[in-house]
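The exercises below are meant to be worked through with the sequence and the structure in view. Try each task before reading the solution that follows.

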Amino acid sequence: MESGTHMTTTLNRPAASSPAPMKPALTFRQRLNVLDMKASPYLYIAPFFVLFALVGLFPLGYTFFVSLFDWHLLKGQGDFVGLRNFQEVLQDRFFWNSLFNTLSIFLLSTIPQLIVATAIAALLDQNLRARTFWRMSILLPYIVTPVAVALIFANLFGEQYGLINNILESFGIDRILWTNETLPSHIAIATMVNWRWTGYNALILLAAMQSVPRDIYESAAIDGAGTFRRFFSITLPSIRPTMIFVVITATIGGLQIFTEPRLFDPRTSGGTAAQFQTTVLYLWEMAFDRSNFGKAATIAWLLFLIIVLFGLVNYLISQRIATTGEGRAPGRGAGRRRRKRSTAPAVVLPAAGPQPPAPGSAEPAATPAGTTPRSTR
Amino acid sequence: MTAIGTRPRPTPTRDARGRALRRSLLGNGRRPGFLTYGLLMAFFLASAYPLWWSVIIGSRSNEALGQTWPPLFPGGNFWANVGEVFDTIPFWLALGNSVLISGIITVSVVIFSTLAGYSFAKLRFRGRNGLMVAVIATMAIPTQLGIIPLFMMMRTLGWTGEIGAVIIPTLVTAFGVFFMRQYLVDVIPDELIESARMDGASMISTFWHVALPAARPAMAILGLFTFMTAWTDFLWPLLVLGPGNPTLQTALSQLQSARYVDYSIVLAGAVLATLPLLVLFVLAGRQLISGIMQGAVKG
């Protein structure tokens, strides 16, 4: 309709439109409107990209630049050394030690956590009385900040007066050197992580369990499958994508663990013999205790590569699993790769807001909300 | 585990048994047995005890630590210990900084993420899908590893020791954008936006009058999690603020670094620092739960 009107105006006054004879002349207001429509979408997303470029992308790139130099915390940029920092860090015993510690703590915190969280989620995935209370009860540790968690558990695991050693001793068991020995210190630090995150992850897994249509369970039961069989043949395969998601988040976070080992023994940087020095802690020590920015940047860059590598491996594995999972639980898994499928609107977030008394009991209703947690991030 | 808890009780006739089975499978009416509650209770006690234990020790003197079996209930020393905490660290300054930092970050993240999420979800523009993939890809990048140049940047700008140095890097997050996009894509009908545009509303006023009201529940959840993440952040504030102008977390860590550590004071501090989030938990626990279950995710 608009273009029609313009046509007539143009025809009436051909001279006026000489700069752009092919296009109908727009009024100022209309031009503004078009500009508004064209530019606004970019304007709205610009803050994210500008900020990310400044505080995310640029620092990461610059880290590589710094790693090619002798670079001192205070004296600043020194000589160009090429890849010598990389050579030295890769031959550094403490770098590998820190990687070993990081991985060890990561495994000790991820595997038991996933198992317990799944079990708790299965317990919660029933028609419980006081459902909200139980859900809140498992989330309690999440509101204790990592710093407070570290302070509390550093005390519980204290070698001389710690509660845990006191109790062990009262049962006639030798005191364990929680801070001075490698494996015990890893267990202590992993316990902090597990304590804070298990309930949280149980809730994510619970959401996944609740999106499994209940009639699948019903027909399985009619076919004679017992509770355990149903759990292993239906529940586990169905929540696998969510489990992978939990593992991926745990990986990205776990490989960068800092607060817990830093505060477990704040007088040292990861123990007297670096027995629980994680890689980020080593990076910290290199940069701010030893003032060697060049090497610290090298460590950061190497860790970055390792995390990306882990991410890729995770991604490939989850691709495979998702594909094989498709046959078992129709409708889920498969091509719906959480991370990539940004454009798939199939997804997420039914009515958000305080969850209405929906889930738990009358579950079939949850099918439209279905795919929630899988599509998370 | 649950087998025993959920198995239908023996019933007289086959018919009734079948009905009970069916009912249990549909989840109507059937309640799990005591074993389920017992296990959940055990897990709850394991979750709560470390916190309770810090309340006990934090309200007594160091002697309580030496006992094999700690006392079951708090003592009367809490306020004295808290007084010590106040003497050791600038608690109120730290609390003020934490509130200010987390508050500003939360407001900013929610506003910018909603704007960007709306744009990705509902507006048509060239490169939309590619840019959205870019946003998601950035979530997998461990930006924490860029701290060295970031620190150099802040030092050059003279911002070290200023809370702005903590606020600015997290003014908008990839997760926030993605989260809002996922929510808004289903929640706002396209016709609603079109009709607002037909009525001559500008883009921003369409956003204001159509998208914003619809986005509110997700904004609340995003705000909650952003606040939590900002509040618990440790590494970057520790680095860039230093001991002079701490956040609650970095101040708390100073308690542990003192030369002679008095654990009852350390734990009193830990309890004190947990109180604000405990209040938040009581007030907004349900929203936290539904947020997690809908896929809000670790920062």
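## Exercise 1: Where the two chains meet

In this predicted model, 100 residues of chain B are in contact with 101 residues of chain A. Task: find which element gives the largest share of the side of chain B that touches chain A, and sort that side by residue class.

Solution. Begin with the elements of chain B: the largest share of this side comes from H15(B), which supplies 17 residues. Then sort the side of chain B that touches chain A by class, which gives 67 nonpolar, 28 polar and five charged residues.

## Exercise 2: Two crossing helices in chain B

Task: describe how helix H5 (residues 78–88) and helix H15 (residues 263–293) of chain B are placed, and say which residues make their contact.

Solution. Two packed helices are described by the angle between their axes and the distance between the axes. Here the axes of H5(B) and H15(B) come within 8 Å and cross at roughly 90°. Since angles of 65 to 115 degrees count as roughly perpendicular, H5(B) is therefore roughly perpendicular to H15(B). On the side of H5(B), the contact is made by B:Phe78, B:Asn81, B:Val82, B:Glu84 and B:Val85, and on the side of H15(B) by B:Ser264, B:Ile265, B:Ala268, B:Gly269 and B:Leu272. Sorted by class, the contact of H5(B) with H15(B) has six nonpolar, three polar and one charged residues.

## Exercise 3: The domains and the hairpin of chain A

Solution. Five residues from domain 1 of chain A and seven residues from domain 2 of chain A take part in the contact between them. On the domain 1 side, the residues divide into three nonpolar, two polar and no charged.

The strands S1(A) and S2(A) form a hairpin, with three residues between them. Strand S1 (residues 69–72) of chain A runs antiparallel to S2(A), and three bridges join them; A:Trp71, for example, has A:Gln77 in S2(A) as its bridge partner.

## Exercise 4: Buried helices

Task: find what share of chain A is buried, and work out which residues of helix H6 (residues 146–156) of chain A are buried.

Solution. Of the 377 residues in chain A, 43% are buried. In H6(A), the buried residues are A:Pro146, A:Val147, A:Ala148, A:Val149, A:Ala150, A:Leu151, A:Ile152, A:Phe153, A:Ala154, A:Asn155 and A:Leu156. Eleven of the eleven residues of this helix are thus buried, so H6(A) is largely enclosed by the rest of the structure.

In helix H8 (residues 147–157) of chain B, the buried residues are B:Ile147, B:Ile148, B:Pro149, B:Leu150, B:Phe151, B:Met153 and B:Met154. Just after H8(B) comes B:Gly158, which takes a positive phi of about 75°.

## Exercise 5: Positive phi in loops

Task: locate A:Ala130 and A:Ala274, and decide how exposed A:Ala130 is and how exposed A:Ala274 is.

Solution. Most residues other than glycine have a negative phi. A:Ala130, although it is not a glycine, has a positive phi of about 55°, and its place is in the loop between helix H4 (93–124) and helix H5 (131–139) of chain A. A residue counts as exposed if 12 or fewer other C-beta atoms lie within 10 Å of its own, and A:Ala130 is exposed because it has 11 such neighbours.

A:Ala274 also has a positive phi of about 55° without being a glycine, and lies in the loop between helix H11 (259–264) and helix H12 (279–289) of chain A. With 19 C-beta neighbours inside 10 Å, A:Ala274 counts as partly exposed.

How values were computed. Residues numbered from 1 in each chain as written. Chains lettered and ligands numbered in written order. Predicted model: local features only at pLDDT ≥ 70, side-chain atom pairs only at ≥ 80, totals over all residues. Nonpolar A, V, L, I, M, F, W, Y, C, P; charged D, E, K, R; others polar. Pairing = 2+ DSSP bridges. Helix = DSSP H or I, 4+ residues; strand = E, 2+ residues; numbered from the N terminus. Buried ≥ 20, exposed ≤ 12 C-beta atoms within 10 Å, placed from the backbone. Axes fitted to C-alpha atoms, helices over the stretch in contact; angles between N-to-C directions. Parallel < 35°, antiparallel > 145°, perpendicular 65-115°, else oblique.
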